[in-house]
Amino acid sequence: MGELFESIIEIVRRTSSEIPKDVGQGIIDALEAEKKGTIAESALKIIERNIELAQEKSQPLCQDTGSVLFYVDCPIGYDQISFEETARRAVTEATNRGYLRQNSVDSLTGKNDGTNVGPGAPAIHFHQHQADHVEVRMILKGGGCENVGAQYSLPNTQLKANRDLEGCRKVILDAVVQAQGKGCGPGILGICIGGDRATGYEHSKIQFLRKLDDQNENPELAELEENILTTANKLGIGPMGFGGNTTLLGVKICAANRVPASFFVSISYMCWAFRRHGAELERGGKIKEWLY
Amino acid sequence: MTNLTTPLTEEQVRSLKVGDPASISGVIFTGRDAVHKYLYEGGELPEGVCLEGGVIYHCGPVVVKDDKGVWRVTAAGPTTSIREEPYQADIMKKFGVRGVIGKGGMGAKTLDGCNENGNVYLHAIGGAAQVLAEHIVKVRNVYFLEEFGSPEAIWELEVDQFPAVVTMDSHGQSLHDKVAADSQAALEDNL
Ligand code: SF4
């Protein structure tokens, strides 16, 4: 059915069943940080075993295979319409092959036609770049962790959060406390400071394309990331909210310009079952190289 | 680690404390939104289902029929329990259910019910679909498949050492309440 079609199915398969290396390492490190014999440690051990099993069997890491999000970097003049048509067919085929659960519901009728395709699903974000090749990245975003995402408008009187980085820190840590026990922690935060309500969330999700061990180019944001990560892990929330040392595995923050009247902090929460992969494609659509 | 085999007695349940790891063997029944609402509104249990001393699992499993026509569970992580908060305590009391397995914990009404009637809430590991499916050794039966659809049906599952943690016990203790209070206090120290 065409090389692009098969490549996209393979990207879905890997994304659904294999945790990216950087996240896998994060979980191994977390396991070492927990006290032996605690329920936090045993929760992480089960998670680690689950990661191994899913990869071995090419089965979904979690039964909630999430919203399917594509991020496509393409050259000038690339045929986005054909890509989208192929991607929609590939998502349905990947569902038939069991890599995705039948997970997309018509919001008005409540019907699930089992294809994982419909208005807005899958979501495909195109971005032109100067290079002459195509890169396809994918995130599968589960519902439980999506439900605990939050958007704050600063100033926030209750949290005593002003329109500065300290104010951002306060609302982000509040979101961590509110999310406990709900989003299948340890989690990873993607955050955008600024933007409008829509672009704020959009940029917060794009942060999930960054590797956990990368370095933010902006020193102020790099410091804030580090600060939130260390502070959150001192709160004692732990894996699954059982108590423990690992509340978060990573924090990724970006900033976008805002209008003077608004100051939003948009926070997306990703569960431990962080499903993200991507590949550079050859001209014909074949996978050339994996990106994570 | 406490090994529990169904049906559970009140004495067994009363001996469990918040934070205890437990492993469950025997038979458990899945039930989520549709089943809870139905039973709460006076619906009868289907013939063949007895919840006396039983365990309800908040889960919408992925179940497939293999070549021989036998049901197999391929993914079976817990779903968020709090949605059943309005119904849970009453259902446990009415049908003699001893335990509930889910994720995220439940609220005050369920905690009071656990205390009063000798019930327990067990937390499974969210997202661990593959590991948990391995502890489900057999699908014994399914009820309400037509009426409620596969994820919402009652699946009667045979489990072997299904891992969970007691996070709400029958003595009024909730690990969720404790961690929430402690983390809020820790946050204030770190602001
Ligand atoms: S939050 Fe993540 S791990 Fe938990 S059930 Fe949803 S997708 Fe799975």
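Contact here means heavy atoms within 4.5 Å. Helices (H or I, at least four residues) and strands (E, at least two) are DSSP runs, numbered from the N terminus.

This is a predicted model, so local features need pLDDT of at least 70 and side-chain atom pairs pLDDT 80 or more, while totals for chains, interfaces and linings use all residues. Residues count from 1 along each chain as written, chains are lettered from A and ligands numbered from 1 in written order, and side-chain values use heavy atoms, without hydrogens or water.

**Exercise 1. Find what covers helix α3 of chain B.**

Step 1: pick out the buried residues (under 20% relative accessible area with a 1.4 Å probe, protein chains only; over 50% is exposed, in between partly exposed). In α3(B) these are B:Glu85, B:Tyr87, B:Gln88, B:Ala89, B:Ile91, B:Met92 and B:Phe95.

Step 2: look at what lies over them. The cover includes helices α2 (33-40) and α4 (108-117), along with strands β3 (55-57) and β6 (99-102), of chain B.

Step 3: zoom in on B:Met92, which sits in this helix, residues 85-95. Its relative accessibility is 2%, so B:Met92 counts as buried. Setting aside neighbours within four places in sequence, B:Met92 is in contact with B:Val97, B:Val100, B:Thr110, B:Cys114 and B:Asn119. Take B:Cys114: it is 22 residues from B:Met92 along the chain, yet their C-alpha atoms are separated by 8.7 Å.

Step 4: check what follows the helix. Just after α3(B), B:Gly96 takes a positive phi of about 75°.

**Exercise 2. Work out which chains surround the ligand.**

Step 1: list the residues that have a heavy atom within 4 Å of the ligand. From chain A you get A:Cys62, A:Asp64, A:Gly142, A:Gly144, A:Cys145, A:Gly183, A:Cys184, A:Cys271, A:Ala273 and A:Arg275, and from chain B you get B:Lys103 and B:Gly127.

Step 2: read off the chains. Residues of both A and B surround the ligand, so the site is shared between chains.

Step 3: bring in the domains, whose bounds come from an automatic or database domain assignment. Chain A divides into domain 1 (2-15 + 61-142 + 275-290) and domain 2 (144-270). Each of these gives at least three residues to the shell around the ligand.

Step 4: see how the two domains sit. Their C-alpha centres lie 26 Å apart. The contact between them takes 10 residues from domain 1 of chain A and 13 residues from domain 2 of chain A.

**Exercise 3. Is B:Thr167 buried or exposed, and what does it touch?**

Step 1: B:Thr167 is in strand β9 (residues 154-168) of chain B.

Step 2: check its accessibility. The value is 0%, so B:Thr167 counts as buried.

Step 3: go through its contacts, leaving out residues up to four places away in sequence. B:Thr167 touches A:Phe242 from chain A, plus B:Val18, B:Tyr121, B:His123, B:Gln173, B:Ser174, B:Leu175 and B:His176.
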